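Me: I have a structure open and would like to learn how to read it. Could you take me through it feature by feature?

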Amino acid sequence: MARRVAIIASNGGLDSAYKVLNIATAAAATDAEVAIFFTFEALAIIHKDSAAMLTMGPGKEHYMEGFKRANVPSIQELLQIAMESGVKMIACQMTMDVTGMTKDMFIEGVEVGGAVTFLDFAYDADATVTF
């Protein structure tokens, strides 16, 4: 039986996006079943305009040079890798209701669900990670 990794993403900065997608794609590469629940500001990570919306926080700008030097894939590339690897991406319905966001604002393949949708996956997870 494959391992399960449940990830909760609630921060929307560029550094958080890299953390979430790095863990998700690494877990998927080890044949784990992975689900990410995007809530609050983290909905920006799966937004179609994420490249413009995600910024590095103050004092963290130096990471951008390091990402380029280390040939780290962009967030859009990591999202594509995650999707191709079967990572399940769930946009938080409550946050969407509160912010007025709609499913068509997100990249293709994102599901919409509430906390119970994520918990159904997480109850059987071997590891749960929160960002």
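Reply: Start with what a helix label stands for: helices are DSSP runs of at least four residues, numbered from the N terminus. Note also that this is a predicted model. As a case, Met94 lies in helix α5, which covers residues 93-99.

Me: Is Met94 buried or exposed, or something in between?
Reply: Buried means under 20% relative accessible area and exposed means over 50%, with partly exposed in between. Met94 has 46% relative accessibility, so Met94 counts as partly exposed.

Me: Over how many bridges do β1 and β2 pair?
Reply: Strand β1 (residues 4-9) and strand β2 (residues 33-38) are joined by 6 bridges in the parallel sense. To follow the pairing residue by residue, find Ala6, which stands opposite Ala35 in β2. Arg4 likewise has Glu33 of β2 opposite. As for cover, 5 of the 6 residues of β2 are buried, which leaves that strand mostly covered.

Me: How many salt bridges does the structure hold?
Reply: To read one, look for a side-chain nitrogen of Lys or Arg within 4 Å of a carboxyl oxygen of Asp or Glu. The structure holds 4 of them. One joins Glu33 and Arg4, whose closest N and O atoms are 3.1 Å apart. Because Glu33 lies in strand β2 and Arg4 in strand β1, the pair ties together parts that are 29 residues apart in sequence. Glu33 is partly exposed at 36% relative accessibility, while Arg4 is buried at 16%.

Me: Which residues are joined with Asp15 into one network?
Reply: Take the bridges one at a time. Lys19 and Asp15 meet through their side chains at 3.9 Å, N to O. Both are in helix α1 (residues 14-29), and since they are 4 residues apart, about one helical turn separates them. Asp15 counts as buried at 13% relative accessibility, and Lys19 is partly exposed at 41%.

The other bridge is between Lys60 and Asp15, with 2.6 Å between the closest N and O atoms. This pair links distant parts of the chain, as Lys60 is in the loop between α2 and α3 (62-69) and Asp15 is in helix α1, 45 residues apart. Through shared partners, salt bridges join Asp15, Lys19 and Lys60 into one network. Lys60 is partly exposed, with 31% relative accessibility.

Me: How far apart are Ile107 and Ser50 in sequence and in space?
Reply: Here the idea is to compare position along the chain with position in space. Ile107 and Ser50 are 57 residues apart in sequence, and their C-alpha atoms are 9.4 Å apart. Ile107 is found in the loop between α5 and β4, whereas Ser50 belongs to helix α2 (residues 50-53).

Me: Which residues are in contact with each of them, leaving aside neighbours within four places in sequence?
Reply: On that basis, Ile107 contacts Ile46, His47, Lys48, Leu79 and Met83. Ser50 contacts Ala44, Ile45, Ile75 and Gln76. In accessibility, Ser50 is buried, with a relative accessible area of 2%, and Ile107 is partly exposed, with 21%.

Note on methods. Residues numbered from 1 in each chain as written. Predicted model: local features only at pLDDT ≥ 70, side-chain atom pairs only at ≥ 80, totals over all residues. Heavy atoms only, no water. Helix = DSSP H or I, 4+ residues; strand = E, 2+ residues; numbered from the N terminus. Buried < 20%, exposed > 50% of the residue type's maximum accessible area, 1.4 Å probe, protein only. Pairing = 2+ DSSP bridges. Contact = heavy atoms within 4.5 Å.
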